[in-house]
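Welcome! Here is a friendly walk through one protein model, stopping at a handful of places along the chain.

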Amino acid sequence: MEPRDSDASPGPAATERLARELASVLGAEQVSRRAVDRYGHAHDASHYLLVPHTLVTPRDTGDVAAVLQACSRLGVPLTFRSGGTSLSGQAVTDQVMVDTRRRFRGLEVLDEGRRVRVQPGVTVAAVNAQLARWGRRLGPDPASERACTIGGVVANNSSGMQCGTELNTYRTLESMVLVLPSGTVIDSGADDADRQLREREPELHDGLLRLRRRVLDNPDSVSRIRHQFSMKNTMGYGLNAFLDHEEPVDLLTHLLVGSEGTLGFVAEATFRTVEVLPHAATGLLVFQDLEIATAAVPQVLESGTATAELLDAASLRVSQQDPACPRVIRELEVRAHAALLVEFQGTTAEQRDERQHAAGPTLKELPLATPFALTTDPADRAALWHTRKGLYSAVAWARPSGANALLEDVVVPVDRLGATCTELTRLFQRHHYEDPVVFGHARDGNVHFLLNERFDDEALMRRYEEFTEDMVDLVLGEGGSLKAEHGTGRIMAPFVRRQYGDELYEVMWSLKRLVDPAGLLNPGSVLSDDPRSYLRDLKTADPVEEEVDRCVECGYCEPVCPSRDLTTTPRQRIVLRRELAAAARRGDTTLVRELAADYDYDAVQTCAVDGMCQTACPVRINTGDLVRRLRVEEVTTATDQLWRGAAFGWGAATRAGSWALDAAAALPAQVPVTATRLARTVAGSDHVPLYDARLPGGGRRRPRYEPREPQAVLFAACIGSMFGPEPGGEGVTAALVELCVRAGVPLRTPADLDALCCGTPWKSKGLAAGHDAMRRKVVPALRRATEDGRLPVVVDAGSCTQGLTELIAGAADGSGLSVVDATSFVVDRVLARLTVTRPWESIALHPTCSSTALGTTGAMETIARAVSDDVVVPTAWGCCGFAGDRGLLHPELTAAATGPEAAEVRTREFAAYASVNRTCEIGMTRATGRPYRHVLELLAEATR
């Protein structure tokens, strides 16, 4: 995994000088040369690896201009990076890396959703979530929408599953704010944008006009461009701009689309959006083999389907390993089968049904291997699309340990798709690739194929090189493009000349030299005169740790991680472990020391172990499992014994915590704040909780109930007895009991409830002994209280519902015990028996990581909508990062995690603010200044 130094390295002196200059201009906190930052950002979703010598995190467009000017003065190359989902090596560098994910997250919806203005750090999914209220979405619809950002969408001219070439980035982009290598900033949407470009960059303005004339005066160039861009095509620069536009500013704007950061920085982009067709019917057409499936594509397109997503036999087999796999795939006995995922859409259900009905005769004529049916059920449709969108990572997960997953992306005219796939299969066999996978956008002739390869073996490297040459000849021989969606990057840069010919290749180089004379922007990407450059700087995928070995570094986990804007993300936690292991194998003790010095805080202590990464990961990796194990390794015997003792005296421990909060609340705020900070200093440890004046007072002792005929067992969470309710509130336990009494659903409590806990405090810290001790207390107590499982156990805090479920699942005597969250219990057994008398005018809801994992967010929303007609779940919601005691140990984590959601919440006033977990409520109250309470408290008040 040791990276190669670039031949264009400016040298240590220039590097040091640049870092000092940037720190003086931007501020030291915006410039890092820490190993943990550099190596953590070195990995993207591609199979290339270069480690930047400096990481810069600009705050705004002015900062970017300053970075470009400084790099130009010193001749130091730089590369922009945002979401890091790139597959072709265009987001890596061993020079300056400019992180545009963290700070560039502005988003403004215009013209009632018909247009949207976005900065590069916003994900496609986040934009579409904002547009959803207007029934609109972005035109580009990449499968990686939840992780890929607008910066990458523009840089790679993203398309996707439905947009084809008509609604891709190039076609739907209206204007942009761009920063040129000189530092010049141009807003192409301004009325005088072309005049500004002419006055500020006269040579560039004139040069663009000269290049346009050169292209238009050559009939062969015009013909080649028209053919190449009649298909999806992200190979080289978007020369179709010379045919489509006349003014230099429009030329420049559209040439930057797909330029992979080699011509400038797009600080903001304004798009025309497209209408969402909300009514859809989705189904899977299954054929006997890949050849028959691809041959049927033209006929399938005649049916009017909005999509035709191809999945070969290997794709189907891998999909069957996913627990969420839809039945139509799970029950298929896959041999050589292939399938097309199709969907018919309409603005109304009637329009959808008409289109579906009209397609019937065409679809019936297809040589299908299994019966075909369309479904309109949202859950079934979501399962089918989940399978397709997560296919790359799922297939990559199934690769042999130690191998890299190489995803290629080619396109041919649709009528040549079948022949191309057939010949591709022969190439796989000829070069002895086992278990290759073929999938993609058949409606566009766009095929993705995935191979497993190792780059630490010379013979296998020769095989890869020979296969690539044969594949290039095949695709170009069929009149196709070597890149349809994923960008040229490093992987195809040496083949641009072969695809376009000498004249257009020289036009591209002339464009690069015109805009970036010093060649400092992302060198090595898009264009390369070195025919073997794609064979350098390749990752070796050495296996590291069992919990995360299958990670393909796709980055899907990053947008949902609470610590993403503070320290590290799940992907970075994993790759840093890989880098530590690689450095140790090389004997690089200096690097090991540097990485280890910062890893504990950046990756272990500030991990919320909330499991949100698992909800986004296509291969279901929970990085928290790794972090918990690392925490176990750090635990001293004294700490382990202390927490094991706490398990046996938990009732006293929680009461002590409650009394301490009451005592602190009675003192001037600065006294307990100063005292806890002093205690942390004396102890020399950040494991001492910090008091915050915004914390509530202590909670009440957990109640005891023993009705004559109980219908459920109440497991009141201990966090409710430790942390009191908001001023004027009664707390969730009292609210739940009140609701159940009113509905005639009596609750019993375990006899020794005060001493019981769900086990989460021990599990999150990796304290196995204490966790086991608590399990041995809890399970027998619940068996007695539930009459051996006859009654369900109702828990009144979301995280504790999840913790108790996991605690019982690990017990040999836990079978038969049923745990349900209080929100689900109320929806199922209580809500229908209540009458709303005092509805809330409006409610802001905060889902939690636990409600997401448990699938109970819907129940929370149902309760809220039962008492208010105006319920809002912020589009920027995410895990609050309080994570048990993380919010007390590292309040900076909660502040960073809640920042985006809190900003959205504060844009208006709500009558009430609610969640389903006390510590999450505290975290959101602290972040917003608004009083968050459990949603059941709101229900209790609304039904009195």
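## A cysteine in a loop

Is C880 buried or exposed? The model you see is a predicted one, and in it C880 has a relative accessibility of 2%. Buried means under 20% relative accessible area, so C880 counts as buried.

To find C880, look in the loop between β24 (871-872) and α38 (886-889). Leaving aside residues up to four places away in sequence, C880 touches H846, T894, A897, T898 and C920. G923 is 43 residues from C880 along the chain, yet the C-alpha atoms of the two are separated by 6.3 Å.

## A covered strand

Next comes strand β14, residues 338-346, where nine of nine residues are buried. A338, L340, V342, F344 and G346 point one way from β14. A339, L341, E343 and Q345 point the other way, and the residues of both groups are buried.

Strands of a sheet pair through backbone hydrogen bonds, either parallel or antiparallel. Which way does β14 run relative to strand β12 (residues 279-287), parallel or antiparallel? These two run antiparallel and are joined by nine bridges; F287 has A338 of β14 as its bridge partner. Strand β13 (residues 307-311) also pairs with β14 in the antiparallel sense, over five bridges. Here A308 stands opposite V342 of β14.

## A kinked helix

Helix α16 covers residues 349-364. At 1.5 Å a residue, its 16 residues should span 22 Å, and this agrees with the 22 Å between its end C-alpha atoms. Where does α16 have its kink? The kink lies at A358, shortly before the proline P361, and amounts to about 30°.

The buried residues of α16 are R352, A359, G360, T362 and L363. The elements covering them include β12, α13 (297-302) and β14.

## A helix with a buried face

Helix α37 spans residues 857-867, and its buried residues are T857, A859, M860, I863, A864 and V867. Why do these residues line one face of the helix? Seen down the axis of α37, they fall within an arc of 165°, so they line one face.

Several elements pack against these buried residues of α37. The helices are α35 (822-829), α36 (849-854) and α41 (935-942), and the strands are β23 (843-845), β24 and β25 (912-915).

## A parallel sheet

Four strands make an open sheet with parallel pairing, in the order β20-β19-β21-β22. β20 (747-748) and β22 (819-821) stand at the edges with a single partner strand each, so one side of each is left without a neighbour in the sheet. Strand β21 (residues 793-795) pairs with β22 over three bridges in the parallel sense, and V794 stands opposite V820 in β22.

Two helices pack on this sheet. Helix α31 (residues 732-743) touches β19 (712-715), β20 and β21, and its direction makes about 165° with that of β19. Helix α33 (residues 768-785) touches β19, β20 and β21 too, at about 145° to the direction of β19.

## An antiparallel sheet

An open sheet of five strands has antiparallel pairing and the order β5-β6-β10-β8-β9. Its edge strands, β5 (107-110) and β9 (185-187), each pair on one side only. On average, neighbouring strands of this sheet are turned by 15° against each other, direction ignored.

Four bridges join β5 to strand β6 (residues 115-118), with V116 of β6 as the bridge partner of V109. Helix α11 (residues 248-256) packs on the sheet and touches β8 (173-179), β9 and β10 (265-272). The direction of α11 makes about 90° with that of β8.

## Two positive phi angles

Most residues other than glycine have a negative phi. R620 is not a glycine, but its phi is positive, about 65°. R620 sits in the loop between α25 (612-616) and α26 (623-634), and a relative accessible area of 45% makes R620 partly exposed.

D788 is another residue other than glycine with a positive phi, near 60°. Where is D788 placed? It lies in the loop between α33 and β21. At 52% relative accessibility, D788 counts as exposed.

Terms used:
Residues are numbered from 1 along each chain as its sequence is written. This is a predicted model: local features need pLDDT of at least 70, side-chain atom pairs count only at pLDDT 80 or more; totals for chains, interfaces and linings use all residues. Side-chain values use heavy atoms; hydrogens and water are left out. Buried means under 20% relative accessible area, exposed over 50%, partly exposed in between (1.4 Å probe, protein chains only). Contact means heavy atoms within 4.5 Å. Two strands pair if DSSP finds at least two bridges between them. The expected span of a helix is 1.5 Å times one less than its number of residues. The bend at a residue is the angle between axes fitted to the seven residues ending there and the seven starting there. The arc is that of the directions from the helix axis to the C-beta atoms. Axes are lines fitted to C-alpha atoms, for helices over the stretch in contact, and angles run from 0 to 180 degrees between N-to-C directions.
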